[in-house]
Amino acid sequence: MTDDARDRGDGMPRMVITHNVVDVDAWLQFKSERAESVAAMGGRNAVDLVAHDGSNAVAVMADVDDADAMMAGLASPPPELAAVMEKHGVRPPLVAYVEK
C-alpha cells in the first residue's frame, strides 16, 4: 500500500484500465452505468479519462478491493459485463495498471 492509499484511509490500491473505444463521446455518455459496473466488480471512485490527443484511447481509474479479481473479471467478463462493454464501444485489448 502506498502513502497515498494510506492518506485516503481506504487501503485500496488504485487501478487504471486503458483501451480504445469506437466513439469517445458515446462512451462518455455511459459514465454512471460504467461506475455501477466497476462497483459490481469491487471498485469505487471510478473516474473516466480520455486521451488528450483526441484519439479514441480512454482509461478508467478506480480504487479496487482486489486487483486480481478485477483482472479476472475483465479477462473473462460475465455476459452482463460483456454486454455493457459492447454497448459502451470498448475495443480490446484492455491494459491494466495497478498502484504499488
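These legends describe close-up views of a predicted model.

View 1. Asp48 belongs to β2, which spans residues 43-50. Its relative accessibility is 15%, and Asp48 is therefore classed as buried, the cut-off being under 20%. The side chain of Asp48 makes a polar contact of 2.8 Å with that of Arg34. Beyond neighbours within four places in sequence, Asp48 is in contact with Trp27, Leu28, Lys31, Arg34, Ala59 and Val60.

**View 2. The two faces of strand β1.** In a regular strand, side chains alternate between the two faces of the sheet. Strand β1 covers residues 14-21, and its side chains alternate. Met15, Ile17, His19 and Val21 point to one face and are buried.

**View 3. Strand β1 with its partners β3 and β4.** β1 pairs with β3 (residues 57-64) in the antiparallel sense, over seven bridges. Here Asn20 stands opposite Ala57 of β3. β1 also runs antiparallel to β4 (residues 90-98), joined by six bridges. Val16 stands opposite Tyr97 of β4.

**View 4. The β2-β3 hairpin.** Strands β2 and β3 run antiparallel and share six bridges. Arg44 has Asp63 in β3 as its bridge partner. Six residues lie between the two strands of this hairpin. In the turn, Gly54 has a positive phi of about 85 degrees.

How values were computed: Residues numbered from 1 in each chain as written. Predicted model: local features only at pLDDT ≥ 70, side-chain atom pairs only at ≥ 80, totals over all residues. Heavy atoms only, no water. Helix = DSSP H or I, 4+ residues; strand = E, 2+ residues; numbered from the N terminus. Buried < 20%, exposed > 50% of the residue type's maximum accessible area, 1.4 Å probe, protein only. Polar contact = N/O pair within 3.5 Å; in protein donor to acceptor, adjacent residues only side chain to side chain. Contact = heavy atoms within 4.5 Å. Pairing = 2+ DSSP bridges.
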